[in-house]
Amino acid sequence: MTRAYKVYSIENGTVIDHIPTPLALIVIRILGLENEGIMTIGIGFNSEKHPRGKDILKIENRELSYEETDKIALIAPDATINIIKNGEVSEKRQITLPSEVRDILTCPNPNCATNKLGARKHFLLENRDTVTYRCVYCERATVVNADMLASK
Amino acid sequence: MISFRGRSIVSIRDMSQDDLTKVVETADLVKRGELSGFLNGKTVATLFFEPSTRTRLSFESAVFKSGGSVFGIANPKASSQSKGESFADSIRTVSGYCDVMVIRHPVEGAARMASELSGTPVVNAGDGANQHPTQTFLDLFTIKESLGRLDNLKIGMMGDLKYGRTVHSLTDALAMFNNELIFISPPSLKMPEHILKELDDANIRYRTISDLEEAGKCDLDILYVTRIQKERFGDPQEYEKVAGVYRITQDTINMLGKDIRVMHPLPRVDEIAEEVDSMPNAIYFTQAHNGIPTRQALLGLVTGGLN
């Protein structure tokens, strides 16, 4: 059977595949891509890896930096990154968890200085296997979840 | 070891074994009277954004005994914070008035935030349920003073191990010195799993037990007792039952071993019977008094008055 392309292919840019549904919109937010030009978002494709489906993001004319693609690991460690140049895959990039994360993760502790006193959000990687980060301020370690990424 | 001069003291997590040893050894010299006047000409601000009379008085006494001057706020209602000034602005302003700032705040991470904003070192005197490093320093100093060493000891911690900030920090510190730890608590107030996991990862020997009699077979050097708070229990009867089981009397001391030392961060309610106070095993008042030389030593080190 010919594979039906439901999402347009792009000429130049970055394709992020295998994002578990429905996290594509959160990926856009953590990368700050809301006002970054043309983007195609596909949500809820069939996937063997993700029983609830997978999302695909195609960002045109923008090659994401390593720092940016590492951030994706926080929420979608199985995602794949392809950098496209002139219609061809020029790089298949592995993603790894960043050792330090600023501004992106919201501390779930309501009594944390980041939530009460306006301290800048800042986490350090505690455990790579469990995707656990420790808040620099209240020092609580938390397994990253979508709630920590979703709220401003 | 990173030099203490100009350094903020926010969390035991920032400290190395050498750092802890340095504070304890300096506190020992201060207590023996071998170091004095090292805060001459230094000004210390004590900013207590929540009241804690005991800790504040201990810091202020430490400053006076070392020749320094102290000013501050004891009650946030009497400060500009009540006029709506932000915490950040208060810290930026006061950091220009003093050589070191001692901060107590109900919000976790407040001291870390202050240390990033302040041009002068910050000493954390308690940030919510998070850290209270000078309590841990004085606990270590008391153990060293009483037993002559900080390593290869069997140390029991008893009471509320789930919510107790003091026992969490002390566990982190004692784990750096190769000690065996015995955690004694009702199952509902057990040491949190994440702390036990850290001990596992670091290959620290420990046991968790709920029976105080069982601790009698452990040959403990120290029993560190903490208060079980009534408000942790929905049912007052359940509290009474638990509080009765984890109560230290002369009989319990005899059961635990005649050389055992009993510590407590104070204030105590009734988890240690008053009859224990006169026993040579009771070192909790000495422990409280050791807060003075310990805080003197720390303030001396961060201001550069001591090396």
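Biologist: What makes residues of chain B and chain A count as being in contact in this predicted model, and how many does each chain give?

Modeller: Two residues are in contact if their C-beta atoms, placed from the backbone, lie within 7 Å. By that rule, 14 residues come from chain B and 14 residues from chain A.

Biologist: Which helices of chain B supply at least two residues each to the side that touches chain A?

Modeller: They are α3 (87–94) and α4 (110–117) of chain B. The most comes from α4(B), which gives three residues.

Biologist: How do you know how many residues on this side of chain B are nonpolar, polar or charged?

Modeller: Each residue is sorted by its type; for example, Leu counts as nonpolar, Lys as charged and Gly as polar. For the side of chain B that touches chain A, the sorting gives five nonpolar, six polar and three charged residues.

Biologist: Good, now inside chain B. What are domain 1 and domain 2?

Modeller: Domain 1 of chain B covers 12–131 + 289–303, and domain 2 covers 134–288. Taken over C-alpha atoms, their centres are 26 Å apart. The contact between them takes 19 residues from domain 1 and 20 residues from domain 2.

Biologist: Which elements give two or more residues to the side of domain 1 that touches domain 2 in chain B?

Modeller: Those are α1 (17–31), β4 (122–127) and α12 (291–303) of chain B. The largest share, six residues, belongs to α1(B). Sorted by type, this side of domain 1 of chain B has nine nonpolar, seven polar and three charged residues.

Notes: Residues numbered from 1 in each chain as written. Chains lettered and ligands numbered in written order. Predicted model: local features only at pLDDT ≥ 70, side-chain atom pairs only at ≥ 80, totals over all residues. Domains from an automatic or database assignment. Helix = DSSP H or I, 4+ residues; strand = E, 2+ residues; numbered from the N terminus.
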